[in-house]
Amino acid sequence: MAAGRLPPGALTLKQFLRRQQVLQLYRKILRAIREVPAEQDRRYLKDWAREEFRRNKDATEEDAIRMMITHGNMQLQELQRTLKLAKS
């Protein structure tokens with residue numbers, strides 16, 4: 001293999017970093033969901049998160065992926081704010 005060539009199917013650095021962002025967001029969401037007091041709500045939110053990520057797993061357009069990450073971070077912040085309010 002010549003220097004600078006990637007094997008077929010390998011991710012570029014940009015794709016690799018974006019993938020890491022998505023996985024980090026997914027983990028943060030699942031961790032936040034663990035703090036939801038009601039079992040039924042936890043199960044619903046966990047299923048919702050899994051389905052959202054699964055539904056968008058084949059997205060390849062860079063702008064769309066960035067938008068989904070931003071949207072996911074906003075939803076995570078909203079969940080964290082709600083949990084904080086519920087505890088106080």
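Glu39 and Arg42 both belong to helix H2, which spans residues 39-55. They sit 3 residues apart, about one turn of the helix. Helices here are DSSP runs of H or I with at least four residues, and strands are runs of E with at least two; both are numbered from the N terminus. The model is predicted: local features need pLDDT of at least 70, side-chain atom pairs count only at pLDDT 80 or more, and totals for chains, interfaces and linings use all residues. Residues are numbered from 1 along each chain as its sequence is written, and side-chain values use heavy atoms, with hydrogens and water left out.

Side chains of opposite charge can pair when their charged atoms come close. A salt bridge is a side-chain nitrogen of Lys or Arg within 4 Å of a carboxyl oxygen of Asp or Glu. A search of the whole structure gave 8 salt bridges.

The side chains of Glu39 and Arg42 form a salt bridge, with an N to O distance of 2.4 Å. Glu39 also meets Arg43 in a salt bridge, at 3.6 Å from N to O. Arg43 and Glu39 are 4 residues apart in helix H2, so about one helical turn separates them. Accessibility was then computed for these residues. Buried means under 20% relative accessible area, exposed means over 50%, and partly exposed lies in between (1.4 Å probe, protein chains only). Glu39 counts as partly exposed because its relative accessibility is 42%. Arg42 is partly exposed at 22%. Arg43 is also partly exposed, at 46%.

Helix H3 covers residues 62-87.

Arg18, Glu62, Asp63 and Arg66 are linked in a network of salt bridges. Arg18 lies in helix H1, residues 13-34. Arg18 counts as buried because its relative accessibility is 16%. Its contacts (heavy atoms within 4.5 Å) were also listed. Leaving aside residues up to four places away in sequence, Arg18 touches Glu62, Ile65, Arg66 and Ile69.
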